[in-house]
Amino acid sequence: MRSLLKVELAVASREGASDRRGLALVATLIVLAVMGIVVAGAVRAAMTTVRTAGLDYHEARAFYAAEAGAEAALSQIKSFLHDGYLEDSELTVITPPELEDFSYDSFAVEKRGAAIVETITDGPFAGLYSLTQLVDIYSVAADRNGTVSGVILGAKAQAIPIFQFGIFYENDLEGTNGPPLTFIGRVHSNGNIYLSSPNAWYREMITTPNKVFRDRKDYHSILNGVYINDDFGAEVALNFDSRDTPDPEAFKAASCANFSCRLKTDAFGVDSLKLPLPDGTPPYELVRPRDIDDGPAEKDVKFAWNADAYLTVDLTTLVDRKAFCGVVGVEEADDEKAFQKWWPTITIERNGQPLPTSLELCDMFQWTWSAFYDAREKRLKDVLDIRMQKVRNWVNADPTRAMEIIFVNFIVPASIATYPADANDLILDARVDPALRVRNGALLPNRLSVATDWPIYVKGSYNAAMGQKAPAALVGDGITVLSNAWLDSSNRPSDAIVTACAGDVFEGQPCKAYAAWVWTRKAASETTINAAFLVGHSATPCDHETAGCLGGFEDFYGGGIENFPRFLENWSGVKMKYRGSLVSLFTNQKTTSTWNLTYYNPPTRDWAFDTDFRDPAKLPPGTPNVGNVVRTAMRDAF
């Protein structure tokens with residue numbers, strides 16, 4: 001029995017071990033199966049993630065390409081604002097950018113409603129008004145895999161009349177006045193701004209898309225007398241700048257804490273204001289004469305093409321004044337000299353409007369050789385005078401004669417060798433230096449802009465008759481103010497010198513008697529001018545902080561905003577009252593002598609922006625616009 005029991009127990013033991021091994025195998029198989037499922041799921045999840053990431057990548061790239069297309073359209077819209085209005089034909093030629101691997105199957109720019117005049121309510125140009133056109137930009141981009149994305153970008157195209165700024169510079173603006181200067185009006189420069197003075201007060205917003213430095217440009221000199229008003233009218237000293245506070249957020253914080261954010265630079269994202277000319281066209285073209293190669297864009301904005309009185313003063317062809325004017329012995333009552341014999345040929349075009357007779361033309365526009373001496377330029381100026389009183393008399397006789405934009409084009413000879421001998425005798429310095437001057441202009445005939453690409457002078461108070469101020473602008477290469485006390489006879493060689501020079505003037509050689517003559521500055525008297533100035537400025541060549549810039553003083557310094565209107569007299573203690581807009585879009589091309597301290601004494605400057613220009617109906621004729629484009633909204637196209 002025991003043996004049988006032992007056998008049975010052994011058999012049972014072997015059978016139990018076999019069962020346990022079977023269960024382990026089954027469990028192992030189950031675990032392997034589960035693990036396979038888990039691994040397969042993980043692989044599928046990973047593959048899905050990779051596919052999703054790839055899809056997100058392509059969609060993101062397509063979206064950014066669509067956005068790039070909308071931004072490219074914004075840039076092109078800005079370039080079309082040279083004339084202040086977006087034409088339908090201009091919108092149709094706006095194109096998307098060329099991006100590798102992407103195509104634009106749907107791309108369009110459409111106007112939304114009509115253009116309106118509105119006040120800008122936000123941003124650095126808040127408070128100004130613009131001709132605003134709402135536009136929608138549709139940009140849909142697709143990559144090579146067929147991934148498509150699109151955006152709809154809303155924007156405002158703003159054409160801002162440039163004479164709304166008290167001061168506007170295209171290039172660097174320098175304000176380093178010695179005598180006190182208080183300026184009321186918006187200040188903007190598309191370049192850098194340099195402010196260093198012992199006594200300067202700026203009452204309104206100052207903006208630039210670049211930098212502001214409380215230092216001179218020509219040499220290092222920080223004078224802590226520059227003040228900027230905050231929103232509450234408090235005068236706060238400028239005690240930081242873009243050099244010592246380079247971090248944008250820190251600069252913004254300082255500006256907002258000190259000046260209620262009224263000093264704005266690139267730290268605020270200020271944009272450049274597009275000049276009123278097509279891309280690639282130099283700003284000087286705005287004041288250039290008509291050119292047969294000018295396209296529609298140039299014709300839209302150049303003063304020469306918009307002029308309703310286009311004068312050509314041809315100095316290559318001289319005529320006998322008596323024969324040309326058709327009169328004998330007429331003298332100018334408010335001049336100090338007799339008429340000279342030889343005149344350039346003067347013609348006028350008026351696009352079908354009434355033309356003056358030769359007698360009337362000679363009465364309104366009069367020529368003088370060696371009329372006066374400009375001590376800054378060190379030249380005798382040969383001058384065409386516009387006698388505003390005579391123009392007013394002519395216009396008042398018939399309202400259809402009104403001349404709202406007068407442009408003067410001088411044609412200058414390469415040499416005076418072909419002039420008659422007695423004409424050469426009148427040109428004491430043996431060179432032709434034409435200039436345009438407005439005089440007797442206290443009361444203007446109508447709203448009026450006078451333009452040329454040569455130097456322009458204003459003699460005496462201009463547009464200053466009590467209660468009769470008209471919208472006015474003076475446009476040229478550079479502008480010089482001659483006071484009410486100015487007399488040509490006191491600022492040119494005497495008749496005795498002119499007589500001594502007879503027969504002693506020839507090409508390239510000034511008269512000996514003239515060369516020995518010494519000019520002295522004369523006393524000025526109080527003068528008031530109400531007109532926008534759009535002229536060139538004299539620039540300091542480089543920033544003294546720039547490697548290789550030598551710096552300097554008199555002949556290196558451009559003169560700054562305080563010498564933007566030029567002077568030739570002793571103005572010490574004498575007020576020069578100015579209301580207008582000081583605009584410089586270029587450096588001088590013809591009035592190129594540098595600023596120095598030898599030929600004038602500065603006036604008491606009572607200068608401010610003309611608040612009449614805040615009314616669109618009171619802007620000078622031909623006022624250029626600067627363009628700005630503002631994004632208003634963006635959303636997915638689908």
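## Helix α3 and what follows it

The structure is a predicted model, in which local features need pLDDT of at least 70, side-chain atom pairs count only at pLDDT 80 or more, and totals for chains, interfaces and linings use all residues. Residues are numbered from 1 along each chain as its sequence is written, and side-chain values use heavy atoms, with hydrogens and water left out.

How far does α3 reach from its first C-alpha to its last? The helix has 12 residues and spans 16 Å, close to the 16 Å expected at 1.5 Å a residue; the expected span is 1.5 Å times one less than the number of residues.

F251, S255 and F259 are the buried residues of α3. Buried here means under 20% relative accessible area, exposed means over 50%, and partly exposed is in between, using a 1.4 Å probe and protein chains only.

What do the buried residues of α3 pack against? Their partners are β12, β13 and β14 (263-264), where contact means heavy atoms within 4.5 Å. On the face turned away from the buried side, you will find the exposed residues E249 and A257.

## Q164, a buried loop residue

Let's move to the loop between β3 (148-161) and β4 (167-169), which is the place of Q164. Is Q164 buried or exposed? Its relative accessibility is 3%, which means that Q164 counts as buried.

A polar atom of the Q164 side chain lies 2.7 Å from the backbone oxygen of Y129. Leaving aside neighbours within four places in sequence, Q164 is in contact with L128, Y129, F609 and F613.

## Salt bridges across the sequence

How many salt bridges does the structure hold? There are 33, a salt bridge being a side-chain nitrogen of Lys or Arg within 4 Å of a carboxyl oxygen of Asp or Glu. One of them joins K156 and E118, with the closest N and O atoms 3.3 Å apart. Because K156 lies in strand β3 and E118 in strand β1 (residues 102-119), this pair ties together parts that are 38 residues apart in sequence. K156 is partly exposed, at 23% relative accessibility, whereas E118 is buried, at 19%.

Another salt bridge brings together the side chains of R214 and D244, at 3.4 Å from N to O. R214 lies in the loop between β11 (212-213) and β12 (224-229), and D244 in the loop between β13 (235-237) and α3 (248-259), so the pair links parts that are 30 residues apart in sequence. R214 counts as buried at 16% relative accessibility, while D244 is partly exposed at 44%.

K469 is partly exposed, with a relative accessible area of 34%, and D612 is partly exposed at 25%. Elsewhere, salt bridges that share partners join D385, R437, R439 and D488 into one network.

Note on methods: Helix = DSSP H or I, 4+ residues; strand = E, 2+ residues; numbered from the N terminus. Polar contact = N/O pair within 3.5 Å; in protein donor to acceptor, adjacent residues only side chain to side chain.
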